[in-house]
Amino acid sequence: MSAVEEVKARITVPEVLLRYGLPTSSRGRIPCPIHQGEDPNFAYTDERFHCFVCGAGGSVIDLVMGLFGLTYPQALVRLDEDFGLGLMRGQRDERARRKAAEVAQKRAQERRRREDGKKAYQSLTAAFCAEIRGLRLGEERPSRWNGEGEPPALPASWVEAAHRLPYLEYWLEENSNFERWEANSHRSHSNSQLHSGGLPGGDGPL
């Protein structure tokens, strides 16, 4: 039996998920750990897996390739070492192990960044929703005018609220979920760099 066949026979997909700190499910469906999905579109058995969104699929070796950005031989070495199979002793690829560690670290950093971003988005959305409710339920309203004489002056706070409502509602519509907020934030950041005086990497204003 070859090393590839041995690895596939001795290691299951759920064992790989658990080994690298990922969730499992009795139904065999979880959010995809390869493209960082949020819905349970990643289906798996002991031998195979498939994501119905990003299309990733295959054996435990393919799973480790997708998780850590490794080549097929590198993933094979990593599984052999991490599960202590001893199939490829003397053929260890130190560069592959370092690269796998770097990729794992980057993925962990990206996961933390997205978690922090979600918290910021949820906090901002909740604040805007609360502000809209406060503006609509505010007690200070313009006095009714009977059409005689000069109309009463509008309260300054009511005028400010009336001007702010469209912006708040527009923001909530444009950022209806975290993914759209993240994309809009990234686009706004890129535009601010382009309009801050000069092109990226240039020496200053043209």
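Tutor: Helices (DSSP H or I runs of at least four residues) and strands (E runs of at least two) are numbered from the N terminus. The model discussed here is predicted: local features need pLDDT of at least 70, side-chain atom pairs count only at pLDDT 80 or more, and totals for chains, interfaces and linings use all residues. Residues are numbered from 1 along each chain as its sequence is written, and side-chain values use heavy atoms, with hydrogens and water left out.

Student: Which pattern does the protein chain follow along the sequence?

Tutor: The protein chain contains seven helices and four strands. Reading along the sequence gives the order of these elements as α-α-β-β-β-β-α-α-α-α-α.

Student: Which residue in E2 stands opposite isoleucine 30?

Tutor: Strand E1 runs antiparallel to strand E2, which spans residues 42-44, and two bridges join them. The residue in E2 that faces isoleucine 30 is phenylalanine 42.

Student: Is threonine 125 buried or exposed?

Tutor: Threonine 125 lies in helix H5, which spans residues 94-137. Buried means under 20% relative accessible area, exposed over 50% and partly exposed in between (1.4 Å probe, protein chains only). Because the relative accessible area of threonine 125 is 17%, this residue counts as buried.

Student: Which residues does threonine 125 touch, not counting residues up to four places away in sequence?

Tutor: A contact requires heavy atoms within 4.5 Å. With residues up to four places away in sequence left out, threonine 125 in helix H5 touches Trp171 and Leu172.

Student: What percentage of contacts between residues at least 6 apart in sequence join residues at least 24 apart?

Tutor: The contacts considered are those in the protein chain between residues at least 6 apart in sequence. Among these, the share joining residues at least 24 apart is 49%.

Student: What percentage of the residues of the protein chain count as buried?

Tutor: The protein chain has 206 residues, and threonine 125 is one of the buried residues. Of the 206 residues, the buried share is 30%.

Definitions and conventions:
Pairing = 2+ DSSP bridges.
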